[in-house]
Amino acid sequence: MPDSAVNFSVLHRTCKLVVLLCFLHISVTLVFYVRSLDIRFAFVQNQQSRTQSNHVRNTNFTTKLGLKDISTQKQHITSPQQEHEKETKIEPQRPVVDKESTDAKRREKCPETSPLLVGPLRVEFNTPISLEQTRSENPNLEAGGRYRPKDCMALQKVAIIIPFRNRDEHLKYWLYYLHPILQRQQLDYGVYVINQEGDEIFNRAKLLNVGYAEALKEYDYNCFVFSDVDLIPMDDRNTYRCFSQPRHLSVSMDKFGFRLPYNQYFGGVSSMSKEQYLKINGFPNNYWGWGGEDDDIYNRLASKGMSISRPSGAVGKCRMIRHDRDKQNEPNPQRFDRIAHTRETMHKDGINSLSYKVVQMEKDQLYTKITVAVGKP
């Protein structure tokens, strides 16, 4: 019995301790619960006070604005002159932004060597070509035979000038082959066909001067390629642009067995920068008939200390469209005498003495054709 009493006493104490711990736990829980309610209540109160404050501010602002509007209306009512001045006031104009030039500035410059080039080309003249076919195959051309790359900014602005008369079939081949080549070369270019009016003796060099002058009226070209209409390059790596020295582009013509006929030869296709062209006073205007003007141009360049640059013989290959000599383009019997006096005549015979009359201008998708009267010998 005594053992049972002891066990009962221990059990009784243990139960009291457990009850005490439970009571303590409940008390702590209640304290934390009450504190959380206080925090929530304070937060709600704070939010309500902010909302009321913002409402008051907005009401005050609206009231002030309304008062301002009323004040303005009163001023308008009492001052009709001010109302008239307000209506006639000219707003300052925004500066006009040239979207094209802005886009060009954002684009990067085209690389020195275009990644689109394919190298040697097959050039044939057996299959007839139509202008409609060439137009459909060159949808990116603009009126007047103008093109500029869309992905980059071209390094040069090139005017390609073709002296012309009664060579429509040759022109079809030239346009068919050259436009894709020039686009792959990533040039900002325009094609100008300078057509001599009438049946007087042909004057190639004077037509080239006319092309230079007329092209500059349309665009700020800084490079000029002078090309016969019957010469087609056989390699698109032969870039139709300007270099640090005047460039002879038709180096290896099939007509001469793909060899240069003589070192001073500068005929066929050549290019000059604007500065180089002006330095020699352009081309002579007094070479009527076939021959001599190329050698005169070479003499002009040499007299100004310039040398001729050329692509390699492989890259500079060209094919000529075979044809009979044009009427009124017989060999010039005075050419040798004129060539001998280039240094004496070049400063007074050239772009500074050019005279001509524009008869007609035609803007095709593939070219700009300018018919001109250049006089007679």
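Here is a short chat about reading a helix, a sheet and some chain totals in a predicted model.

Visitor: Let's start with the overall picture. How many helices and strands does the protein chain have?

Guide: There are 10 helices and 11 strands in the protein chain. Of its 377 residues, 40% are buried.

Visitor: What share of the contacts links residues 24 or more positions apart?

Guide: Take the contacts with a separation of 6 or more: 83% of them join residues 24 or more positions apart. As for the surface, the protein chain exposes about 22,800 Å², and carbon and sulfur atoms supply 55% of that.

Visitor: Now helices. How should I read helix 6?

Guide: General idea to begin with: an α-helix has 3.6 residues a turn, so residues three or four places apart point the same way. Helix 6 covers residues 204–218, which is 15 residues. From first C-alpha to last it reaches 22 Å, close to the 21 Å expected.

Visitor: Why is helix 6 described as largely enclosed?

Guide: Because 12 of its 15 residues are buried, helix 6 is largely enclosed by the rest of the structure. Among those buried are Arg204, Lys206, Tyr212 and Glu214, as well as Leu207, Leu208 and Val210.

Visitor: And sheets? What is the strand order in the open sheet of 3 strands?

Guide: In general, strands of a sheet pair through backbone hydrogen bonds, either parallel or antiparallel. Here the order is 5-9-7, with mixed pairing. Strand 5 (231–233) and strand 7 (252–253) are the edge strands, each pairing on one side only.

Visitor: Which way do strand 5 and strand 9 pair, parallel or antiparallel?

Guide: Strand 5 pairs with strand 9 (residues 317–320) in the antiparallel sense, over 3 bridges. To find the spot, look for Leu231, which stands opposite Met320 in strand 9.

Notes:
Residues numbered from 1 in each chain as written. Predicted model: local features only at pLDDT ≥ 70, side-chain atom pairs only at ≥ 80, totals over all residues. Heavy atoms only, no water. Helix = DSSP H or I, 4+ residues; strand = E, 2+ residues; numbered from the N terminus. Expected span 1.5 Å × (residues − 1). Buried < 20%, exposed > 50% of the residue type's maximum accessible area, 1.4 Å probe, protein only. Pairing = 2+ DSSP bridges. Contact = heavy atoms within 4.5 Å. Areas by Shrake-Rupley, 256 points an atom, 1.4 Å probe, with all protein chains shown as cover.
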